[in-house]
Amino acid sequence: MKGAFLYVDAGKGHYIPAVALADAFKDKGHEAVVDDLLLVFKVPFFRWVSKHYWRYLLHHPRLEKKLNKLSNRHVAHLSLKALSNDVRALKHFRSWFYKEKPDFIISTNFMGATLLPAVLKKLGIVCPVYDYAADLFDQVKAGIDSDLTCVYISTEIGVEHTIAMGQERDKVKLCPFPLSKKFEVCKKLSKEEARKKLGLKNKFTILCNLGGEGIGSPKFLYGLVKRGLDIQVVVIGGKSKSTELEFDLFKKSNPNFDLYMRGFVNNAQEYIMACDMQMGKAGANSLMESLYLKRPFLVSEVLYMGRSTQIFFDRYPVGWCEDDLEKKLDIIESLYKNPGKLKEIDREMQKLPIDFSAPHFADMLIHDTELYRKENRANY
């Protein structure tokens, strides 16, 4: 069997699950192709807009809340409808499809959820199209489509919301979270072991994740200094120019503070194991990787597409969503001064109804594709 795993270059939250699923699929002896959805259609301008629109909004979270809310209702659907009628784009997709000849296509971005079923129907191609809702707790309205074979989402809240938005109940399935292979096979370390290996001090540790775009603020660091908290902070991820400048200014004004700027790392799992808590403008992967390794997450900037994360934390108290600086500091100080709270959170982690496994997800894709073949045998 051959699977096509399509993502959109709008943050690593779409790329990483595509690669994780493809790797698991190949490990089972199957074939897999991973491609950028918009490169398959060869629409460079559309791809450029998608890529830079998202990155711009990450720098302006207040604007993101307004514009993505508007886009969710109207703009995204109209744009995808126009693309599905583009003759040249259809031609490019057709060439790609008959070159790769996949048995199924799964998109890890909502664009594929609406675009691919419409295109396949116009081209007369019979092939199951699956959508993985990478935002975990919500689906984009433009991603709701009756012609989809199935929508997979990794949380019960996400299943509830996707059905409430209009996707047929029998086409929505709770799936395992497609964890990156390096997390699946990593050796578990205690906090002390991980800190020693990474050259960190053995004391209360915050992992600040700036994500692939390197967007974040050191304002909370000044708050830690002001409150006199003996905490070390490790910063991983990219650094935009403005972010780098702000952190450099903090380091110059607070040379004795234990701040470790590690940038992009290939062993993020070890940094998570070394910390007491992780924080950042969380994408789905950062959040779920933290929960997999039993570390609470403080979402320090709540974006529109992460709005239902708070519902998840209300149901399962393993993290926080907080925009207010002083309240963030209150959360950190409370954990720092009351180690028993971390033990309470660890007990809550054991109750999470989430399966973290790309191989289990791959098994679902294989099963559902075989079932689709049987049901549509006459059309092949």
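## Basis of the description

Because the model is predicted, local features are reported at pLDDT of at least 70 and side-chain atom pairs at pLDDT 80 or more, whereas totals for chains, interfaces and linings use all residues. Residues are numbered from 1 along each chain as its sequence is written, and side-chain values use heavy atoms, with hydrogens and water left out.

## Overall make-up

The chain contains 17 helices and 12 strands.

Of the 380 residues in the chain, 55% are buried. Here buried means under 20% relative accessible area, exposed means over 50%, and partly exposed lies in between, with a 1.4 Å probe and protein chains only. Among contacts (heavy atoms within 4.5 Å) with a separation of 6 or more, 70% are between residues 24 or more positions apart.

## Two helix pairs

Two packed helices are described by the angle between their axes and the distance between the axes. The axes are lines fitted to C-alpha atoms, for helices over the stretch in contact, and the angles run from 0 to 180 degrees between N-to-C directions. Angles under 35 degrees count as roughly parallel, over 145 as roughly antiparallel, 65 to 115 as roughly perpendicular and the rest as oblique.

Helix α5 (residues 87–100) packs against helix α6 (residues 110–123) at an angle of about 85°, with the axes 11 Å apart. The two helices are therefore roughly perpendicular to each other. In this contact, L90, F93, R94 and F97 of α5 meet L116, V119, L120, K122 and L123 of α6. By class, the contact has seven nonpolar, no polar and two charged residues. The nonpolar class holds Ala, Val, Leu, Ile, Met, Phe, Trp, Tyr, Cys and Pro, the charged class Asp, Glu, Lys and Arg, and the polar class the others, Gly among them.

Helices α15 (residues 325–337) and α16 (residues 339–349) have axes that come within 4 Å and cross at roughly 100°. This pair, too, is therefore roughly perpendicular. S334, L335, Y336 and K337 in α15 are in contact with P339, K341, L342 and I345 in α16. The residues of this contact divide into five nonpolar, one polar and two charged.

## Salt bridges

Side chains of opposite charge can pair when their charged atoms come close. A salt bridge is counted when a side-chain nitrogen of Lys or Arg lies within 4 Å of a carboxyl oxygen of Asp or Glu, and the count comes to 18. One network of salt bridges links R227, E326, D330, E333 and K337.

Which residues form salt bridges with D276? One is K191, with an N to O distance of 2.7 Å. K191 lies in helix α9 (residues 191–198) and D276 in the loop between α12 (268–274) and β10 (277–280), so the pair ties together parts that are 85 residues apart in sequence. Another is R195, whose closest N and O atoms to those of D276 are 2.8 Å apart. R195 also lies in α9, so this pair ties together parts 81 residues apart in sequence. D276 is buried at 7% relative accessibility, as is R195 at 4%, whereas K191 is partly exposed at 22%.

E270 and K197 form a further salt bridge, with the closest N and O atoms 2.6 Å apart. E270 lies in helix α12 and K197 in helix α9, so the pair ties together parts that are 73 residues apart in sequence. E270 is buried, with a relative accessible area of 12%, while K197 is exposed, at 56%.

## Two single residues

N285 lies in helix α13 (residues 284–292) and is buried, with a relative accessible area of 7%. Neighbours within four places in sequence aside, N285 is in contact with K12, G13, I16, P17 and F177.

Y98, in helix α5, is partly exposed, with a relative accessible area of 39%. Y98 and I125 are 27 residues apart in sequence, and their C-alpha atoms are 9.9 Å apart in space.
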